[in-house]
Amino acid sequence: MNPPALDVDAVRADFPFFSPGDGGIPPAYLDSAATSQKPRVVLEAERGFLEGANAAVHRGAHTLAAEATELFEDARESVARFVGAEPDTFVWTGGATAGLNLLAYAIGNASAGRGGAAAQRFNLYAGDDIVVTEAEHHANLVPWQELAARTGATLRHIPVLDDGTLDMDAAARIIGHRTRILAFPHVSNVLGIVNPVAELVELAHAVDAVTVLDACQSVPHLPLDLPALGVDFAVFSGHKLFGPYAVGGLYGRGDVLEALPVFLTGGSMITEVTLDSAGYLPPPQRFEAGTQPVSQAVALAAAVSYLDDIGHDAIAAHEAMLAERMRDGLRSIDGVRLFGDTDHAARVALWTFDVEGVHAHDVGQLLDSRGVAVRVGHHCAQPLHRRFGLTASVRASAAFYNTIDDVDRMLDGVSGVRAFFGAA
């Protein structure tokens, strides 16, 4: 049965960003992989909390504090459910980068002898391997570089093939008895390709390695059940999920999260403190020291509720149509080199490309002058750009609020780039 058609005009009416001002035409916003626009219900949810329920959570005994705590924990339940998780396996973070650093430093603490016997499963020593991919965002690379430097472990990577897919033959050789951690993206923020999670998890778990999934580019576009994927940990950001900045989530499989030692310490995550020692709460509170992003969490819950109301099937079908139109259009333009252009992998509506003879920044400025917003640069993925012989590229990324006209405006602009700069 075909999925229900998405009424994109009705969707855009829910986003103040797309309301034309002074009779103008809203920009063709094709940079959702960097950050998404926010529906009105999200803005209203955060403002409503701050105006009517603002109080410190898990601390006060008064009625307002109890209401704020209930809203905060209800938000945890909603966002956890959105990714198939139970609330006690979901930790609030400041975003995906914060979640990945939490993991890297907590594992480093385990390797330094913190966390007791249960945490020994995370110990890293000289000769152990941390494995990433050549397609990592820096946020899922640099923390592991630092952890390797602190522990003496070796950082290795799974190469990317010419078509943008991971070299799974190499992965099978690299992931071995010395591998302690495998960290990889669900969807590359440069290539848009959905990586083979099940196969990678199977390789890692066969050697008792911990798996860490960067789900930043998949959670906004794909229906996810993180426990069913089998990963040990996963992170994502709220601002890419049509929610606020400075909030995100860390999912941890129950027994693995329970064994992880603390990273940030302070108030709200303790049981008893003396002048010489402290005891810590169980997850998720163990990893939520200090004041949390409470209003942002409430707003992120409003975002996932909004997506549920629209329907994942309708969103996926609409975005697949946009992805195909972008691919076909970019393929037809002389001098454009597409990356991740393969029919052998699922993908999201994200395409990165290079225009022969024209720097990516010049392409972006020309498109911007025509009301088209795209991302230019290395997209926090310098190693992957070097793999393809580039220092910078152009990335167009769509979401369910984009229209065919948005895509066509981008394609029309790109088609004239080389002539405009005298490179044709």
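## Phenylalanine 242 and its backbone

Phenylalanine 242 lies in the loop that runs between β7 (233-237) and β8 (248-252). The model described here is a predicted one. The phi angle of phenylalanine 242 is near 65°, which is a positive value in a residue other than glycine. Phenylalanine 242 counts as buried, because its relative accessibility is 1% and the limit for a buried residue is under 20%.

## Two further backbone features

Cysteine 380 also has a positive phi although it is not glycine, with a value near 55°. Its place is the loop between β14 (375-377) and α13 (382-387). With a relative accessible area of 25%, cysteine 380 is partly exposed.

A cis peptide bond is found between proline 283 and proline 284, where omega is about 0°. Proline 284 belongs to the loop between β10 (278-280) and α10.

## Helices α2 and α10

Helix α2 (residues 40-52) packs against α10 at an angle of about 150°, and their axes are 8 Å apart. Angles over 145 degrees count as roughly antiparallel, and α2 and α10 are therefore roughly antiparallel to each other. The crossing of α2 past α10 is right-handed. From α2, the residues that take part are Val41, Val42, Ala45, Glu46, Phe49 and Leu50; they meet Val294, Ser295, Gln296, Val298, Ala299, Ala302, Ala303 and Tyr306 of α10. Sorted by class, this contact has eleven nonpolar, two polar and one charged residues.

## Helices α4 and α5

The axes of helix α4 (residues 96-111) and helix α5 (residues 142-151) come within 9 Å of each other and cross at roughly 10°. Since angles under 35 degrees count as roughly parallel, α4 and α5 are roughly parallel to each other. On the α4 side the contact is made by Leu100, Asn101, Leu103, Ala104, Tyr105, Ile107, Gly108 and Ser111, and on the α5 side by Pro143, Trp144, Leu147, Arg150 and Thr151. These residues divide into eight nonpolar, four polar and one charged.

Phenylalanine 263 is found in the loop between α9 (254-259) and β9 (270-273). Its neighbours within four places in sequence aside, phenylalanine 263 is in contact with Asn101, Leu102, Tyr105, Ala106 and Asn109. Asn101 and Tyr105 also belong to the contact of α4 with α5. Phenylalanine 263 counts as partly exposed, at 27% relative accessibility. Between its C-alpha atom and that of aspartate 163, which is 100 residues away along the chain, the separation is 39 Å.

## Helices α11 and α14

Helix α11 (residues 312-331) and helix α14 (residues 404-415) have axes that come within 10 Å and cross at roughly 15°. This angle makes α11 roughly parallel to α14. The crossing of the two helices is right-handed. In α11, Met321, Leu322, Arg325, Met326, Gly329 and Leu330 meet Ile404, Val407, Asp408, Met410, Leu411 and Val414 in α14. The residues of this contact comprise nine nonpolar, one polar and two charged.

## The two sides of helix α7

In helix α7 (residues 197-205), the buried residues include Val197, Leu200, Val201 and Ala204. They lie on the same side of α7, because they cover an arc of only 100° around the axis. An α-helix has 3.6 residues a turn, so residues three or four places apart point the same way. On the other side of α7, Ala198 and Glu202 are exposed.

What covers the buried residues of α7? The covering elements include β4 (154-158), α6 (168-174), β5 (179-185), β6 (210-214) and α8 (226-229).

## Serine 218

Two of the elements that cover α7, β6 and α8, are also the ends of the loop in which serine 218 lies. Serine 218 counts as buried, at 0% relative accessibility. Apart from residues up to four places away in sequence, serine 218 touches His186, Val187 and Leu224.

Definitions and conventions. Residues numbered from 1 in each chain as written. Predicted model: local features only at pLDDT ≥ 70, side-chain atom pairs only at ≥ 80, totals over all residues. Heavy atoms only, no water. Axes fitted to C-alpha atoms, helices over the stretch in contact; angles between N-to-C directions. Helix = DSSP H or I, 4+ residues; strand = E, 2+ residues; numbered from the N terminus. Parallel < 35°, antiparallel > 145°, perpendicular 65-115°, else oblique. Left-handed = near helix turned anticlockwise from the far one by under 90°. Contact = heavy atoms within 4.5 Å. Nonpolar A, V, L, I, M, F, W, Y, C, P; charged D, E, K, R; others polar. Buried < 20%, exposed > 50% of the residue type's maximum accessible area, 1.4 Å probe, protein only. Arc of directions from axis to C-beta.
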